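Colleague: I would like to go through the labels used for this structure. Please give me the value behind each one and the cut-off it is set against.

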Amino acid sequence: MIATNAVSALESAFHRRNYDPSLAVWLVTGVAVVALFALRGQYDWVTKLPEELVIPLEAWLNAFMDLFVASFKWLFRAISGLLEWPMNGLQALLHWLPWPATIAGSVVVAHLAGGWRLAVFTLCTLMYMVIVGYWDESMNTLALVGMAVPLSVAVGLFAGILDFSYRPAKSVIQPTLDLMQTVPAFAYLIPVLLLFGFGPVVGLVAATLYACPPMVRNVSLGLQRVPVDIVESAKMSGCTDRQLLWWVRLPAAMPTIMIGVNQTIMCALSMVIIAAIIGGFGDIGWEVLSTMRRAQFGQSLLAGLVIVLIAMNFDRISRGLTSRQRVSQARTGTLWQRHAHLWVALVAIMVAVALAQVLPELHDYPKAWIFYPAAVVNDAVTWFTANYFFATSAIKSWTLFYFLLPIRIGLENSVTPHFWGFALNLWISLGYAAAVAGLALWVDRATSWRGAVAVLITGGLFYFGTTGTPWAVFILVVTVTAFRVGGWRVGVFALGGLCFMLFTGIWERAMLSVYLCGTAVLIAFLAGGLLGIWAARNDRVSAFLRPINDTLQTIPLYVFLIPIIMVFLVGEFSALLAVIAYAIVPAIRYTEHGIRHVPAETVEAARAMGCTPRQLLWQVQLPLALPEIMLGLNQTIMLGLAMLVIAALVGTLGLGQMIYIALTAADFGKGAVAGLGIALIAMITDRILQSWSARKKVELGLA
Amino acid sequence: MSDILHKATVGAIGVGLAAALSMATPAGAGTVPESTDPIKIAINEWTGQHITAHVAGEILKRMGYNVEYVTAGYYPQLTAMEDNSVTAALEIWSSNIGEGYGKALATGNVEEIGDLGLVPVETWMYPAYVEEMCPGLPNWEALNACAEIFATPETFPKGRFLDYPADWGTTNVDRIAALGLNFVSVPAGSEGALVAEIKSAVARQEPLLIQFWKPHWVHANIDMKIVALPAYAEGCYDDPSWGLNPDATYDCDWERGYIKKMIWSGMKDKWPAAYRLLQNYTLTNEDQNPMMKAIDVDSEDLVEVVSEWVDANEARWRPWVEDAMK
């Protein structure tokens, strides 16, 4: 029905304008879609690929992995044994140091990096760990991060230099990085677990691998951006290639490389927390995970806050040291003046160690002094659940029936008298089709036929649902979109990726993930965008949102699953909220950043021409901030997909659940296929959006 | 929890020291300990298991062994036992072992050394106050009449049955159909999700029908009742003609499972007496429940609770030790 209307709408557009080849492509697509929908009653293969065509890729991968593990296990176990030594050493050192000594040392470093404010912040952070009683767990986490970061930086530096200086390597490294950054972190753990065995080394290896890509990218980017004149003058003064790299290029690229180091630290920390699921170390991530499993929200929040604070400190300190390094190059003074911080730290640590010999409280913080307010938090959640459940459940039902269910199973299957007040019959369907067609026509008149095509696709999706749309239709529409937006390369990539999901038998799960992640991203992007706009125009809102964003992005999100479930119960809605909570952050940040960085003179000029604030926003600021905002959307999608695995703990059925099952059963094939599925969804949407955004940039004259 | 970890990590560091000290007094043949290397006992995520692990560890320590507690995921611990990264995992539930269990045993490096003695009950449960809302409970036949009080908007008009996570291998979809119940199975995603639902229902005093198990620390806080389903008997799971419904399997309660102790195979050569002790070791629901209550409800320290129990129950474990030393 809809498609027939689609054809007529497009035909009218066709007559009104001159011949447009891309419109013809869409007309053909529209006809094919109608044909496929007409066929779905007669032929099963339109909606479900015959079983015998499914490739048993999971089994093949498992067979390969079994063979690989059997042949090379000794090698990996040897590496594992080798890594264990320095790590146990570092761990033992951190435990041996009395807590005041560690605190003193850290505070001095923080002062060096960011002055008194940062020093006080670091002091508060570490005191929090001590007072809440998570000191030992925190030190274990620090030992892991402390080992993973140097390893990761070394590997990243090497790969980055290789990527920059050796062309053939680039064609291997770049796609590998794309894959590594889109495959969910949980999927990494399975092969690492199989190869490296059990215990903290697994977390170390996983964190090292996971934290590499940003380092590689930044090293390579930094080397490329070294100004030509610097390189030229170095060559003129007779540098050899090696000298050129180590004495000229790398130092000149240092600022960019240090950004990479900062991101590597953050990635390593987040992976260390995720790797806690394997156990073997008693770190703070394990504490969060095991309290979550016991549904103790207060406890897991207190442990989760430790991680937030650690992350914030790492971030601020590493950034502070980076910017400091740039100014400090030409300093003079006596030995004492130049190394004042070092001396202070050494003295403070020695004093603390000495005092701890006399006062045992300084070595092991007494249990009696621990302040652990978990019960208060738990009581608050229980109180809220008992008193406001009626309100939250109304919100949930409303969203579920008018938004989520139609997108998943379509209006076709979800309109029932119980909630909608009427049953779906032919006339109502026709009325809906007419309404969508009317809207499409209006959009066509008001903007362009492209908008009309978008309306028709959305209308059709809402009617048939993500899971009700035959695979052939889905593949066709996505491929054509990719082709039209990004050219034949992107089109072929999209087609290949979708076929992978179809023929490996994960199509239905993938569609559930697309549905859940898609709706979550939509909501996160709209809500985050609005908040971002608000924050861009109001400094107070911005200051209020910043710590919330920091927290949401660094806290292990298991923490929030428990209160979400208590208030909204097990089900899709809870999973949706969990994904949104994580994915909303980049939408807010990038929108705010984009709008705030619209050149001031442009804004002034617009004001001088008499723009109202609304016009200023819609006609000037938002269009100019579009590249940033699209980058935010891209990140929102990536984080949404990454969060699917954690949302599986609430009870979803998509690819995220599949990875989780694979992890608990150490099934490499299953985890790899599901992980690739998520990576492909991410990469396809990424390519389409990037092409679209690049095109818009050209249209707006920004590129 | 943090105490255990604290002890575990401090223990881990202490191990080196302890090992160095005991090297000075070499153990002769036939004396305990046969080796001063630490026996590593797995710590999983639930309190009952912590008790099981620590009681065994405490007894081993009193025998003179060096014991270390290692936090471990449920599946990874099976792999870990293959190379003595974990020496013993003492609470492996038959209902929740999956493929990894068979794989680990097949390597020949992991061994099963008998039942722990805890009797697990996995079945349908509800908070006690639900009996007032649905008269006729605990009898399962009462459920259909009050399906609507269990309903949520997603399941209406059917009742909502909160099931195990999809990957735990639940048979309740078949069971609900076979018993002709007007309910929908909704899978939870994790143990945390199941517990959070129970807490939420109790806070609101609303009905809840859930697939759950005993022993579990939740029962120390919350009075959960068991639905009286038709008792399980041989044939129910594979013979449709058996039971109430002549055309369906699973028209009965869950089969009662068992809980196993598992160890690294090398243990019997490295620490023969400790190996025999773990073989003899049993712990029952009656032992675990009061300790679980003390820890989770009265917030007492796990190590102290366990140590008190071991002091008070020497009569129980002394014969195991004597047998092991023979």
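Colleague: In which sense do strand E3 (residues 88-93) of chain B and strand E11 (residues 259-264) of chain B pair, and over how many bridges?

Modeller: This is a predicted model, so every value here is computed from it. E3(B) and E11(B) run antiparallel to each other and are joined over 4 bridges. Pairing requires at least two bridges between the strands, so the label applies. One residue to look at is B:Ala88, whose bridge partner in E11(B) is B:Ile263.

Colleague: What makes strand E3 of chain B largely enclosed?

Modeller: The count of buried residues does: 6 of the 6 residues of E3(B) are buried, so the rest of the structure largely encloses this strand.

Colleague: What is the setting in chain B as a whole: how many helices and strands, and what share of the residues is buried?

Modeller: Chain B has 13 helices and 11 strands. Of its 326 residues, 55% count as buried. As for contacts in chain B between residues at least 6 apart in sequence, 72% of them join residues at least 24 apart.

Colleague: How do you know that B:Cys134 and B:Cys146 are joined by a disulfide?

Modeller: The S to S distance is 1.8 Å. The cut-off is within 2.5 Å, so the pair is called a disulfide. B:Cys134 sits in the loop between helix H5 (130-133) and strand E6 (135-138) of chain B, while B:Cys146 sits in the loop between E6 and strand E7 (159-163) of chain B, so the link ties together parts that are 12 residues apart in sequence.

Colleague: Are B:Cys134 and B:Cys146 buried or exposed?

Modeller: B:Cys134 has a relative accessible area of 0%, and B:Cys146 has 9%. Buried means under 20%, so B:Cys134 is buried and B:Cys146 is buried as well.

Colleague: What makes B:Cys236 and B:Cys252 a disulfide, and why is their link called left-handed?

Modeller: Their sulfur atoms are 2.0 Å apart, S to S, and the rule asks for within 2.5 Å, so the pair qualifies. The link is left-handed, with -100° about the S-S bond. B:Cys236 and B:Cys252 each lie in the loop between strand E10 (224-226) and E11 of chain B, so the pair ties together parts that are 16 residues apart in sequence. B:Cys236 is buried at 0% relative accessibility, and B:Cys252 is buried with a relative accessible area of 0%.

Colleague: How many disulfides does the rule give over all chains, and what is the pairing in chain B?

Modeller: The count over all chains is 2. With the bonded cysteines of chain B numbered in sequence order, the pairing reads 1-2, 3-4.

Colleague: Why is A:Cys239 called partly exposed?

Modeller: Its relative accessibility is 26%. Partly exposed lies between the buried limit, under 20%, and the exposed limit, over 50%, so A:Cys239 counts as partly exposed. A:Cys499, at 24%, also counts as partly exposed.

Colleague: How do you know that A:Asp163 and A:Lys170 form a salt bridge?

Modeller: The N to O distance between their side chains is 3.6 Å, and the limit is within 4 Å, so the pair counts. A:Asp163 is buried at 1% relative accessibility, whereas A:Lys170 is partly exposed at 24%. Over all chains the structure holds 23 salt bridges.

Colleague: What separates A:Asp315 and A:Arg319 in helix H13 (residues 297-327) of chain A?

Modeller: They are 4 residues apart in that helix, which amounts to about one helical turn. Their side chains meet in a salt bridge at 2.5 Å, N to O. A:Asp315 is buried at 11% relative accessibility, and A:Arg319 is partly exposed at 48%.

Colleague: What makes A:Arg316 and A:Asp550 a salt bridge, and which parts does the pair tie together?

Modeller: The N to O distance is 2.9 Å, and the limit is within 4 Å, so the name applies. A:Arg316 lies in helix H13 of chain A and A:Asp550 in helix H22 (residues 539-554) of chain A, so the pair ties together parts that are 234 residues apart in sequence. A:Arg316 is partly exposed at 31%, whereas A:Asp550 is buried at 15%.

Key. Residues are numbered from 1 along each chain as its sequence is written. Chains are lettered from A and ligands numbered from 1 in the order in which they are written. This is a predicted model: local features need pLDDT of at least 70, side-chain atom pairs count only at pLDDT 80 or more; totals for chains, interfaces and linings use all residues. Side-chain values use heavy atoms; hydrogens and water are left out. Buried means under 20% relative accessible area, exposed over 50%, partly exposed in between (1.4 Å probe, protein chains only). Helices (H or I, at least four residues) and strands (E, at least two) are DSSP runs, numbered from the N terminus. Contact means heavy atoms within 4.5 Å.
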